[in-house]
Amino acid sequence: MNQGGIAGRLVDAARVVVGKLPGGLVHTNVVSNAMFGAISGAAVASAAAVGSVMGPRLEKEGYSKPWSAAVNVASAPAGMLIPPSNTFIVYSLVSSTSIAALFMAGVGPGLIWAIAVKLVVAATHKRNRTGTRSATELTLTPAIALKTLWRAIPSLLMIVIVIGGTLSGFFTATESAAVAVVYCLILGLIYRTLAVKDLPKILTEAGRTTSIVMLLVGVSSALSFVMAFARIPDLIADLILNFTSDPTVILIIIMLILLAVGTFMDPTPAILIFVPIFLPMVSELGIDPVHFGTMVVYAFSVGVITPPVGNVLFVGARIADLKIEPVIARLGPFLLALVVGLFLVVFLPQISLALPGVLGML
């Protein structure tokens, strides 16, 4: 997507959507990650593709490089909530919940995520910029805006293809990934931004980025086996029920546990271990499994940008050519805002359930 010009076109489209907001170029990073995440379904893909496009632009504008990387890292997981989402597919398999309902339920929390990041950007962008306005912040005429949006339509059509094909049963979620790659390749050839001779280099770079993620997944999977063998999730469930029977307190404790687990475990093994433990508990409290799914995915989305095992954090720092320490130092306000957003999702069920309810999926 990045080498084929799709990421760049989505970034340009996001710039049109953002308009003349103060710190517009940084807000463009946030919107671009939301749009790219809606296409790829993966936070790592967004952090890598959008970060490689936006990083040089933001540096040219005079924004602090570590802070710009933190914005990219913080906004990338919006794609884990906005459909199509790989993480919701895993939750659907574990919980036997409708994937269509989960996809639609993720829209509201995904927007909450993006808004939380944008609020922090609005409050902090001035103090993290030392440069002056440059040629990267262009004045958008209506003609340029329409042309830019028109150029992004073929890329945005991937959302229709992936979600439509998956929900209609035309192909599986795994097959949809292959379809997306082929579609990207075709677009790249049409745009003339890709050539067959470029493919070895592209595949090598993709392999390097994937190797970082898979190493972290492998370690967390081994850890998950040890935890399951030691019956730690069962012990946690027993401790919660022995501690309190108040539904609100139980939900707060579960979310705090999931936030902690997400810091050292990949979302996939974490869902496989903890959802079967917690889902029966929250079902007895009358919480809809679809709503609980959005809570779980949101909490683990926070985990992927939190040290020590946040794979998006590592990839975002690598794309920015930085060590993770300076990026971590600027993530604090974003993490705080995102945790506040999590508890909005927890205690305001309509954020998640309104859209699937309107569509008759519940």
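1. Helix α7 (residues 107-124) packs against helix α17 (residues 332-347) at an angle of about 150°, and the two axes lie 9 Å apart. The crossing of α7 past α17 is right-handed. Please keep in mind throughout that this is a predicted model.

2. Here is who meets whom in that pair. From α7 come Pro109, Ile112, Trp113, Ala116, Val117, Val120 and Val121, and on the α17 side they meet Pro333, Phe334, Ala337, Leu338, Gly341 and Val345. By class, the residues of this contact comprise 12 nonpolar, 1 polar and no charged.

3. The buried residues are Pro66, Trp67, Ser68, Ala69, Ala70, Val71, Asn72, Val73, Ala74 and Ser75.

4. Within that helix, serine 68 may be worth a click. Serine 68 sits in α4 (residues 65-75), and its relative accessibility is 7%, so it counts as buried, the cut-off being under 20%. Which residues does serine 68 touch, leaving aside those up to four places away in sequence? They are Asn29, Leu58 and Tyr63.

5. Proline 307 and proline 308 are joined by a cis peptide bond, with omega at about 10°.

6. Arginine 192 has a phi near 65°, which is a positive value in a residue other than glycine. You will find arginine 192 in the loop between α9 (173-191) and α10 (199-229). Is this side of the story buried or exposed for arginine 192? Its relative accessible area is 76%, so arginine 192 is exposed, the cut-off being over 50%.

7. Arginine 231 also calls for a check of its backbone: phi is positive, about 60°, although the residue is not a glycine. Its place is the loop between α10 and α11 (232-243). With a relative accessibility of 45%, arginine 231 counts as partly exposed, because that value falls between the 20% and 50% limits.

Definitions and conventions. Residues numbered from 1 in each chain as written. Predicted model: local features only at pLDDT ≥ 70, side-chain atom pairs only at ≥ 80, totals over all residues. Heavy atoms only, no water. Axes fitted to C-alpha atoms, helices over the stretch in contact; angles between N-to-C directions. Helix = DSSP H or I, 4+ residues; strand = E, 2+ residues; numbered from the N terminus. Left-handed = near helix turned anticlockwise from the far one by under 90°. Contact = heavy atoms within 4.5 Å. Nonpolar A, V, L, I, M, F, W, Y, C, P; charged D, E, K, R; others polar. Buried < 20%, exposed > 50% of the residue type's maximum accessible area, 1.4 Å probe, protein only.
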